[in-house]
Amino acid sequence: MTSPGPTLSEAFAVLGLHGPMDQEAVTRAFRLAVKTARPDTDGGDAERFRRVIAAYRLIQSTGERPAALAAPAQASATLPVVGLTPQQAIAGGRVEVRLGGRTLRIVAPAGMRTGEHLRLRGAGPEGGDLYLPVLIRPTDGLSAFGDDLFMDWSVPLRLLCDGGRVEIDTHAGVRSAWVTPGLHTPVRLRLRDLGLPARGSRPQGHLFVALKPSRDAPSAAEDLLARFTRVWTPGRMAA
């Protein structure tokens with residue numbers, strides 16, 4: 001049985017949009033989303049890439065171009081993109097953007113998504129507001145897509161075959177998960193509520209971890225030994 005395709009509202013969410021926007025805004029959001037999802041780039045993923053393409057095609061097929069929620073029109077060629085790391089998207093942070101010979105120091109709030117806009121009051125022509133598009137770039141093996149975060153984690157091949165507990169070093173600390181034996185690769189785990197934080201109408205996201213088999217990955221015993229040696233000191237040994 002074929003599963004139903006995404007709804008129109010889900011398609012907008014895949015592109016990082018809150019709802020219907022004009023053609024220029026949809027195209028800009030699509031280009032940003034497809035750039036981060038391309039499977040031939042660091043942090044890309046083939047499944048997410050297909051979802052972006054499908055979402056854009058669905059929006060295009062409707063023929064609807066309402067602009068009620070669009071940001072005010074700007075010359076997109078002159079607007080810089082505010083590039084955030086996944087960590088900055090999670091917790092917020094300061095970024096610098098070059099605009100017309102000026103360096104703008106911007107404080108990005110926590111929970112920004114790719115395709116959203118940062119509003120700079122009075123920074124536009126004749127004192128008007130400026131809206132800069134946001135792009136969350138993959139960094140240190142962590143990427144963002146919509147509300148969710150994605151990463152890879154190497155595990156022993158034996159664990160994927162036999163099952164067992166795996167400890168994953170995430171941006172929020174070490175998290176444990178259980179792998180069921182006999183799963184077909186690739187194996188992807190969902191760690192609930194470890195994605196981008198809730199913001200406005202956007203819900204709390206999740207962290208999806210793709211387990212990659214590796215003969216070089218430490219076994220469970222080796223991992224425990226490594227953690228033990230990190231906290232053990234000569235002073236404790238003397239005591």
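The legends below describe close-up views of one predicted protein model.

Because the model is predicted, local features need pLDDT of at least 70 and side-chain atom pairs count only at pLDDT 80 or more, whereas totals for chains, interfaces and linings use all residues. Residues are numbered from 1 along each chain as its sequence is written, and side-chain values use heavy atoms, with hydrogens and water left out.

**View 1. The protein as a whole, before the close-ups.** The secondary structure comes to seven helices and eleven strands, where helices (H or I, at least four residues) and strands (E, at least two) are DSSP runs numbered from the N terminus. Of the 239 residues in the protein, 39% are buried; here buried means under 20% relative accessible area, exposed means over 50%, and partly exposed lies in between, with a 1.4 Å probe and protein chains only. Among the contacts with a separation of 6 or more, 52% are accounted for by residues 24 or more positions apart, a contact being heavy atoms within 4.5 Å.

View 2. Helix α3 covers residues 46–62, and at 1.5 Å a residue its 17 residues should span 24 Å, which agrees with the 25 Å between its end C-alpha atoms; the expected span is 1.5 Å times one less than the number of residues. The buried residues of α3 are R48, V52, A55, Y56 and I59. They cover an arc of only 95° around the axis, which puts them on the same side of α3, the arc being that of the directions from the helix axis to the C-beta atoms. An α-helix has 3.6 residues a turn, so residues three or four places apart point the same way. On the face turned away from the buried side, α3 carries the exposed residues R50, R57 and S61.

View 3. Four strands form an open sheet in the order β6-β7-β11-β10, with mixed pairing, and two strands are taken to pair if DSSP finds at least two bridges between them. The edge strands, each pairing on one side only, are β6 and β10 (187–191), and the twist averages 30° from one strand to the next. Within this sheet, β7 and strand β11 (residues 207–213) run parallel and are joined by seven bridges, with V155 standing opposite P213 in β11. Helix α3 lies across β6, β7 and β10 and runs at about 20° to β6; axes are lines fitted to C-alpha atoms, for helices over the stretch in contact, and angles run from 0 to 180 degrees between N-to-C directions.

View 4. An open sheet of three strands has the order β1-β5-β4, and its pairing is mixed. Its edge strands are β1 (82–84) and β4 (117–120), each of which pairs on one side only, while the twist averages 35° from one strand to the next. Strand β5 (residues 130–136) pairs with β4 in the antiparallel sense over four bridges, and L118 stands opposite L132 in β5. Helix α2 lies across β4 and β5, running at about 20° to β5. This helix (residues 23–37) has 15 residues and reaches 21 Å from its first C-alpha to its last, close to the 21 Å expected at 1.5 Å a residue. The buried residues of α2 include V26, F30, L32 and V34.

View 5. R28 forms one with E24, the closest N and O atoms being 3.5 Å apart. The two residues, R28 and E24, are four residues apart in helix α2 and are therefore separated by about one helical turn. R28 counts as partly exposed at 21% relative accessibility, and E24 is also partly exposed, with a relative accessible area of 36%.

View 6. R105 forms a salt bridge with E96, with the closest N and O atoms 3.4 Å apart; R105 is exposed at a relative accessible area of 64%, and E96 counts as exposed at 56%. The side chains of R113 and D147 likewise meet in a salt bridge (3.0 Å, N to O). R113 lies in the loop between β3 (102–108) and β4, and D147 in the loop between β6 (142–145) and β7 (148–155), so the pair ties together parts that are 34 residues apart in sequence. R113 counts as buried at 0% relative accessibility, and D147 is buried with a relative accessible area of 16%. Together with R202, these two residues, R113 and D147, are linked in a network of salt bridges.

Definitions and conventions: Salt bridge = Lys/Arg side-chain N within 4 Å of Asp/Glu carboxyl O.
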